[in-house]
Amino acid sequence: MKRNWSKKELTDHWEIGSEELSMVQSKRGKTRLGFALLLKTFQIQGHFPATIQEVPSVAIDFLAAQLEADPADALEYSWEGRTIERHRAEIRDWCGFREITLADQEQLKVWLIKELIPREPQPDRLKDGLLERCQGLCIEPPSPEQTQRLLQSALQEHETIFCERIFLALSHEKVAQLEALLVPSKGETEEEGSDWTPLQAIRSEPGRAGVASMKEAIARLWLVRDLHLPEGLFDGIHPKTLEAYARRAAVEEPHELRRHGGPLKATLVAAHLHRRCETLTDHLVD
């Protein structure tokens, strides 16, 4: 979403300081404005812009006015090659930052898995948190493509660890009971066009409010409770994480759930049952 910068915000964030000015003015001709854009963007966002399109046009005009330059000079600045690499290195050094290394990325991945994902599993928030972490460590963050790969890898590894933890908390008997919920009823097969399973019955919503609806809700609630999931199975799990797994299990067809590996399959079904127990209870209370 495009941001509207007020005059005060432009002054607070995009005004070139006296010490910065001498460094900016040491650059030749039309590269001066491009260097200033890199410098101020890095100071504000903690990373360099990949293209001129990432810099607000109002900021370009504001910086150009300070340097008595033509805003069009920004379009002639080369965003690839030795010049911009040299400028980035100078700006990193000036700001006390360094380039990210493979070791840094591994450490960031561990931090994401152990610290951030359990607290804030939303992808957008993870990206913001990663950028903040890099700023705090005075490290230039990875490129957008590297960031995406890093987040995907961390999320996948976190899911593996999380599902293994839930799976190990379940007895073999309990896992078998959860898997049985995904088996079509006797005489009904996928080849015959039917995939009605016990989980489908638990998923389905009671009818319109009334005695019959209440009886349906009670029957489904007892069906869930009779499975006796371990007490505290999801204690300490972020509500958004639990909701994401429960929602995923609610929308996937039984044959899709059956294809997952044991830990993921058991976690999805258990999360859905846990959440379903809550919603059915709320339905009866209402």
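**View 1. Glu-68 follows helix H4 and has a positive phi, near 55°.** This is a predicted model. Most residues other than glycine have a negative phi. Glu-68 is not a glycine, yet its phi is positive, at about 55°. Glu-68 is found in the loop between H4 and H5. Is Glu-68 buried or exposed? Its relative accessibility is 77%, so Glu-68 counts as exposed; the cut-off for exposed is over 50%.

**View 2. Helix H4, residues 57-67, has buried residues.** Which residues of H4 are buried? They are Ala-59, Ile-60, Phe-62, Leu-63, Ala-64 and Leu-67.

**View 3. Glu-15 sits in the loop between H1 and H2.** Which residues does Glu-15 touch, leaving out those up to four places away in sequence? Glu-15 touches Leu-10, Glu-20, Lys-40, Phe-62 and Gln-66. Phe-62 is also one of the buried residues of H4. Glu-15 and Gln-66 are 51 residues apart in sequence. In space, their C-alpha atoms are 7.8 Å apart. Glu-15 has 43% relative accessibility, so it counts as partly exposed.

**View 4. Cys-138 lies in the loop between H8 and H9.** Cys-138 has a positive phi of about 60°. Cys-138 is not a glycine. What is the relative accessible area of Cys-138? The value is 30%, so Cys-138 is partly exposed. Partly exposed residues fall between the buried limit, under 20%, and the exposed limit, over 50%.

**View 5. Helices H9 and H13 cross at roughly 85°.** Two packed helices are described by the angle between their axes and the distance between the axes. Helix H9 covers residues 144-168, and helix H13 covers residues 239-251. Their axes come within 13 Å. Which residues make the contact? H9 brings Glu-159, Phe-162 and Cys-163. H13 brings Thr-241, Tyr-245 and Arg-248. By class, this contact has 3 nonpolar, 1 polar and 2 charged residues.

**View 6. Leu-155 lies in helix H9.** Leu-155 touches Ile-117 and Leu-126, not counting residues up to four places away in sequence. How far is the C-alpha atom of Leu-155 from that of Leu-112? The two C-alpha atoms are separated by 8.3 Å. Along the chain, Leu-155 and Leu-112 are 43 residues apart. Leu-155 has 31% relative accessibility, so it counts as partly exposed.

**View 7. The second largest pocket has a lining of 13 residues.** Its volume is about 340 Å³. Which lining residues lie nearest the centre of this pocket? They are Pro-121, Leu-155, Glu-159, Ala-244 and Tyr-245. Glu-159 and Tyr-245 also take part in the contact of H9 with H13. H9 and H13 each supply at least two residues of the lining. H13 gives the most to the lining of the second largest pocket, with 5 residues. By class, the lining of the second largest pocket has 6 nonpolar, 4 polar and 3 charged residues.

**View 8. The largest pocket holds about 500 Å³ of space.** How many residues line the largest pocket? The lining has 20 residues. Glu-140, Pro-141, Pro-142, Ser-143 and Pro-144 lie nearest the centre of the largest pocket. Helix H6 (82-95), helix H8 (123-136) and H9 are the elements that give two or more residues to this lining. Which helix gives the most? H9 does, with 4 residues. The lining of the largest pocket divides into 8 nonpolar, 4 polar and 8 charged residues.

**View 9. The protein chain has 15 helices and 0 strands.** The chain contains 286 residues. Buried residues make up 39% of them. Now take contacts between residues at least 6 apart in sequence. Of these contacts, 69% join residues at least 24 apart.

Conventions:
Residues numbered from 1 in each chain as written. Predicted model: local features only at pLDDT ≥ 70, side-chain atom pairs only at ≥ 80, totals over all residues. Heavy atoms only, no water. Axes fitted to C-alpha atoms, helices over the stretch in contact; angles between N-to-C directions. Contact = heavy atoms within 4.5 Å. Nonpolar A, V, L, I, M, F, W, Y, C, P; charged D, E, K, R; others polar. 1 Å grid on protein atoms, 1.4 Å probe; cavity = no way out; pocket = protein on both sides within 12 Å on 5 of 7 lines; lining within 4 Å. Points joined across faces, edges and corners; volume = space filled by probe spheres on them. Buried < 20%, exposed > 50% of the residue type's maximum accessible area, 1.4 Å probe, protein only.
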